[in-house]
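Please keep the sequence and the three-dimensional view at hand while reading.

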Amino acid sequence: MSQQPAPSASIGPSTADLHLPSCPKAASQARKALAALAPDPGSYEHGQLLITEAVANAVEHTDTDSIHVLLHHEPDQAQLLCAVHDTSTDIPQPDDVRISDPDATSGRGLHLIDTLADTWGYFPDTHGKWLWFSLTPETDGRA
């Protein structure tokens, strides 16, 4: 008599919708929400860094009172989508890393998003803009 493996429970899509005050602690709160949404710590390792950078940029470089963060995890499609809204209409553009000071403590956030995200972009709305990026699990050796 052979034993059959127990059917695995399928975990469906999950979403987090956060409205955070525009303060340095917002990045930590978004990071914790992402960790709860996609609990396998190795799957979206870059997600932790990139959501921190996106929220920190919105806090530091805009005069918005609150940051709106949307996180959506599709485990069946192996995809994580993150979006951060602020009230600035400035177009997000990565700094030219070749020109930036290697000892600088800031200025690399969008470059990291551009380098590590599978895709990213922004779109304006009537109250500012959304910066978004998507990731797939980092099982391909990119980490």
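The points below cover the overall makeup, the sheet, and the helices.

This is a predicted model, in which local features need pLDDT of at least 70 and side-chain atom pairs count only at pLDDT 80 or more, while totals for chains, interfaces and linings use all residues. Residues are numbered from 1 along each chain as its sequence is written, and side-chain values use heavy atoms, with hydrogens and water left out.

**Overall makeup**

- The protein has three helices and five strands; helices (H or I, at least four residues) and strands (E, at least two) are DSSP runs, numbered from the N terminus.
- Read from the N terminus, the order of elements is β-α-α-β-β-α-β-β.
- Of the 143 residues in the protein, 36% are buried, where buried means under 20% relative accessible area, exposed over 50%, and partly exposed in between (1.4 Å probe, protein chains only).
- Among contacts between residues at least 6 apart in sequence, 63% join residues at least 24 apart; a contact means heavy atoms within 4.5 Å.

**The sheet**

- The five strands form an open sheet in the order β1-β2-β3-β5-β4, with antiparallel pairing; two strands pair if DSSP finds at least two bridges between them.
- Its edge strands are β1 (14-21) and β4 (119-125), each of which pairs on one side only.
- On average, neighbouring strands of this sheet are turned by 15° against each other, direction ignored; axes are lines fitted to C-alpha atoms, for helices over the stretch in contact, and angles run from 0 to 180 degrees between N-to-C directions.
- Strands of a sheet pair through backbone hydrogen bonds, either parallel or antiparallel.

**Strand pairs**

- β1 and β2 run antiparallel and are joined by eight bridges; L20 stands opposite I67 in β2.
- β2 and β3 pair in the antiparallel sense over seven bridges, with V69 opposite V84 in β3 and L71 opposite C82 in β3.
- β2 and β3 also form a hairpin with four residues between them, and A78 in the turn has a positive phi of about 50°.
- β3 and β5 run antiparallel and are joined by seven bridges; D86 has K129 in β5 as its bridge partner.
- Six of the eight residues of β3 are buried, so β3 is largely enclosed by the rest of the structure.
- Seven bridges join β4 to the antiparallel strand β5 (residues 128-135), and F123 stands opposite W130 in β5.

**Helices on the sheet**

- Helix α1 (residues 25-37) lies across β1, β2 (66-74) and β3 (79-86), and runs at about 170° to β1.
- Helix α3 (residues 109-116) lies across β4 and β5, and runs at about 40° to β5.

**The α1 and α2 pair**

- Two packed helices are described by the angle between their axes and the distance between the axes.
- α1 and helix α2 (residues 45-61) pack at an angle of about 150°, with their axes 8 Å apart.
- α1 and α2 are therefore roughly antiparallel to each other; angles under 35 degrees count as roughly parallel, over 145 as roughly antiparallel, 65 to 115 as roughly perpendicular and the rest as oblique.
- Residues A26, A27, A30, R31, L34 and A35 in α1 meet G47, Q48, I51, T52, V55, A56 and V59 in α2.
- By class, this contact of α1 with α2 has nine nonpolar, three polar and one charged residues; Ala, Val, Leu, Ile, Met, Phe, Trp, Tyr, Cys and Pro count as nonpolar, Asp, Glu, Lys and Arg as charged, and the others, Gly among them, as polar.
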